[in-house]
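Work through the exercises below with the sequence and the 3D structure at hand. Each task is followed by a solution in steps.

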Amino acid sequence: MLIVQLILINIAFIVSFSLLLPSSPWLFSISTILLIALAVMRYQHYHRQTHQILQTLLHGLRNLQDGDFSITLADKKTNKSQSQSEVLALFNQVTDKLRQEKQSLYQRELLLDKVVNASDVVTVLVNHRDTIIFANRAAEYFFNQKSMLGMSWATLLDEKLPELIPHNDKDNAIIQLLLAETNEEHSWHLSRHHLKLHGSRHQLTLLKPITKAMHQQELQTWKKVIRVINHELNNSIAPISSMCHSGNILAERLNEPQLIRVFATISKRINKLAEFIQSYSQLARLSQPKKQSFDLIKTLKQLQELYQFTLSCQNNSLMFTGDESQIEQLLINLLKNAQQACPDKGNAEKRCVVSVSSQQGKLVITVRDFGTGMPVEVLQKAFLPYYSTKADGSGIGLSICREISDGHQGQITLNNHPKGGLQVDVHLPLS
């Protein structure tokens, strides 16, 4: 546009030169001065417009450099040439695309952050200086730290988890760690990944808890074994019991006291074996919990009529969503163990105390007895199916308790109380 206007001014100058110079030199001089002034004014206007656009582009580019993609340059086509308008439109298109990509990237990062922090896998990223540059919430909870950023990974392991140091040469393994807080050994899947970020070497350490999964697999295996054994034993017991009953009738007819005693002894042992099979089959019959809302305090008060214990709870009513029959079975098993562990059978307060409270969205049921407690080696094996230190114990009570707890996405722990006795803590989610 500027070139066209300058050409028109030149043509006007040539015309005035041809027509006015021979006859009216002074008119030619005036027209020449006016044409020169017009050309200068038009050039200055174009220069100011170009400078303004460059300043606008410079301001926009600086915003992009600072990471601000929300800027949009105004485009008034009446004041700008077509090429200038195209430049501004292209700049706005680029900023719109960058803004959309930034929002998409932010959403993906936010989603990834939520997924990583919601995971129970302990995730720690360490740079080449052995400094922690990322740790999710599971890692902070695992190491009991409010923030792990900037800490030395080697120092943290030495102070909080020295049991993990011997496994530094392993990149993919299943390990056992004894946690100091609960004094329990748990199984973990350890995996390490070496990667490069910004040109430097980093190490990503992942610790996935697999204790619960292994317990579930172990219980499923035991259930299958129990079903097979029960089936075979029941098939054998039924005809033996029938033959024993017929033999007993025949011995009574023949009036043979010795045979009567023999058949009575066989019948007694068959009944004991049937009770044994029945008690062990409870673990195989435990189904998925059918959750519904019920009053836990009411259930505990009903159990107080059958078992002597002291109930400690600040609320007269506490609604919980779960399988009432399974929770009741869990409490009965724990109360039976508590009563068997207490030597004083007369005073309820010296036998068992049951405390109920809610902490951080979880229901906490604590059953404490005042017996002699458990040795450490027994505590580590207490939840194993069919493991029992009692002469007449079946060893499935605590296994059923743990499966009921796991079925409600909860956790059950055993600890010796500092003042004596055994304390069982059951943590169940309220929602």
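A salt bridge is a side-chain nitrogen of Lys or Arg within 4 Å of a carboxyl oxygen of Asp or Glu. The model is predicted, and local features need pLDDT of at least 70, side-chain atom pairs count only at pLDDT 80 or more, while totals for chains, interfaces and linings use all residues. Residues are numbered from 1 along each chain as its sequence is written, and side-chain values use heavy atoms, with hydrogens and water left out.

**Exercise 1. The salt bridge**

Find how many salt bridges the structure holds, and describe how Asp-96 and Arg-99 are placed.

Step 1. The count is 1 salt bridge.

Step 2. Side chains of opposite charge can pair when their charged atoms come close.

Step 3. Helices are DSSP runs of H or I with at least four residues, strands are runs of E with at least two, and both are numbered from the N terminus. Asp-96 and Arg-99 are 3 residues apart in helix H3 (residues 82-118), so about one helical turn separates them.

Step 4. Buried means under 20% relative accessible area, exposed means over 50%, and partly exposed is in between (1.4 Å probe, protein chains only). Asp-96, at 29%, is partly exposed; Arg-99, at 23%, is partly exposed as well.

**Exercise 2. One side of a helix**

Which residues of helix H8 are buried, and what covers them?

Step 1. In H8 (residues 296-304), the buried residues are Leu-296, Ile-297, Thr-299, Leu-300 and Leu-303.

Step 2. These residues span an arc of only 160 degrees around the axis, so they sit on the same side of H8. The arc is that of the directions from the helix axis to the C-beta atoms.

Step 3. Their cover includes strands E6 (292-295), E7 (310-312), E9 (352-359) and E10 (362-369), together with helix H9 (324-341).

Step 4. At the start of H8, the backbone nitrogen of Ile-297 has a side-chain oxygen of Asp-295 within 3.2 Å. A polar contact is a pair of N or O atoms within 3.5 Å; within protein, one must be able to donate a hydrogen and the other to accept it, and residues adjacent in sequence count only if both atoms are side-chain atoms.

**Exercise 3. Positive phi**

Where do Asn-144 and His-198 lie, and what is the phi of Asn-144 and of His-198?

Step 1. Most residues other than glycine have a negative phi.

Step 2. Asn-144 is not a glycine, yet its phi is positive, about 55 degrees. Asn-144 belongs to the loop between helix H4 (137-142) and helix H5 (153-160).

Step 3. For His-198, phi is also positive, near 55 degrees. The loop that holds His-198 runs between strand E4 (184-197) and strand E5 (200-209).

Step 4. His-198 counts as exposed, with a relative accessibility of 87%.

**Exercise 4. Buried or exposed?**

Is Ser-31 buried or exposed?

Step 1. Ser-31 is part of helix H2 (residues 25-65).

Step 2. Its relative accessibility is 17%, so Ser-31 counts as buried.

Step 3. Ser-31 and Ala-12 are 19 residues apart along the chain, and 9.0 Å separates their C-alpha atoms.

**Exercise 5. The whole chain**

What does the secondary structure come to, and what percentage of the residues count as buried?

Step 1. The chain has 11 helices and 12 strands.

Step 2. It has 431 residues, of which 34% count as buried.

How values were computed: Contact means heavy atoms within 4.5 Å.
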